[in-house]
Amino acid sequence: MPSPGLQTTSDSIRSHDADHEKYADVNWDELEFGVVPTDYMYTMKCSKGDEFSQGHLTPYGNIELSPSAGVLNYGQGLFEGLKANRTEDGRFLLFRPEENALRMKMGAERMCMPSPSPQQFLDAVKQTVLANKRWVPPTGKGTLYLRPLLIGSGSVLGLGPAPEYTFLIFASPVGSYHKGRAALNLYVEDKLHRATPGGTGGVKSITNYSPVYLAQKQARAKGFSDVLFLDSLTGKNIEEITACNVFILKGNVISTPSIHGTVLPGITRKSIIDIARDFGYQVEERVIPVEDLLEADEAFCTGTAVVVTPIGAVTYQDKRVEYKTGKGALSHKLHETITGIQTGRLEDKKGWTMEIN
């Protein structure tokens, strides 16, 4: 239930929606994974030592920050990613949004930031979707990607937490993250590392992502689609692809790197583990030597953006290995199952989806 302070804004948005067509003017067939400005975004502020209390919807647009903002100078920021799907009968569904709320709260504690309560997070997400509902693609054409941000927006010069924080959500309709690629061709990076023990690899800190750019750029220049990183301690075990979790299949056993501070606890990862076990597979969360990757029957990655994407091949040093892909692969079955639940095409027996109305 929105707070009384938001009622006027919400009423005006409902009126705005009534005056517009059901869908925004978008070529849904050509939709890619990129920023498409929508109608509204959500913002809420909080001073250091206080709690977030009331936010509001505003027209999508630029935000103003001091050049001395904590996020600009010291990278004090987190983000989340989740999607709203339109069902065939016109409903809007979120997939496990409470998990995003809890993960942001966990990350905020690591980054010395206040965070919205899970209920505030969910209310903000719902309002953002409803305000931008004409941007939710038709079923099968894409999804409305939601990007919640928590940043140190207050001015600070000495090293330390910012005195003010901003929680912001913007939305963009998106298509496939790896559009046009049937499967990924990965390069196993053995010199640069994504995360270190004791660092922030296990939370969605904004500082985790730009360090992967160089390895990704170098790999793509060689014809690879993305990079798989090894652990920084031994350089012998697989951890993550640039922005998603990784799984391997050998026989009836599925393995994925365990969560131990350098691997992000992905929500899609967590869901796929449950689905795979329901299918009768044995799932192990463990340390995975790169040799196990090279001997696997299949490999795939998971994440909000990539959903479940098959890995067609990996190259480690001078060795290239190819994997089973296509409709007969486990990754295809997992993809069809989780997207079926997310879009309402399959029955949600686990209570993972949340309808927005």
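Visitor: Before we start, what counts as a strand here, and how do strands get their numbers?
Guide: A strand is a DSSP run of E with at least two residues, and strands are numbered from the N terminus. Keep in mind that this is a predicted model.

Visitor: Okay, how many cavities of 30 Å³ or more turn up in the whole structure?
Guide: The search finds one.

Visitor: Which strand gives the most to its lining?
Guide: That's β4, with three residues. The strand covers 82–86, and α6 (267–278) also supplies at least two lining residues.

Visitor: Which residues line the cavity?
Guide: Among them are L82, K83 and N85, along with I267 and T268. The lining also includes F95, N100, G303, T304 and Q342.

Visitor: How does that lining split by class?
Guide: Seven residues are polar, four are nonpolar and one is charged.

Visitor: Is C46 buried or exposed?
Guide: C46 counts as buried, because its relative accessibility is 3% and the cut-off for buried is under 20%.

Visitor: What's the relative accessible area of C301?
Guide: It's 0%, so C301 is buried too.

Conventions:
Residues are numbered from 1 along each chain as its sequence is written. This is a predicted model: local features need pLDDT of at least 70, side-chain atom pairs count only at pLDDT 80 or more; totals for chains, interfaces and linings use all residues. Side-chain values use heavy atoms; hydrogens and water are left out. On a 1 Å grid over the protein atoms alone, a cavity is a set of points where a 1.4 Å probe fits but cannot get out, and a pocket is an open set with protein on both sides within 12 Å along at least five of seven lines; lining residues have an atom within 4 Å of a point. Grid points are joined across faces, edges and corners, and a volume is the space filled by probe spheres set on the points. Helices (H or I, at least four residues) and strands (E, at least two) are DSSP runs, numbered from the N terminus. Ala, Val, Leu, Ile, Met, Phe, Trp, Tyr, Cys and Pro count as nonpolar, Asp, Glu, Lys and Arg as charged, and the others, Gly among them, as polar. Buried means under 20% relative accessible area, exposed over 50%, partly exposed in between (1.4 Å probe, protein chains only).
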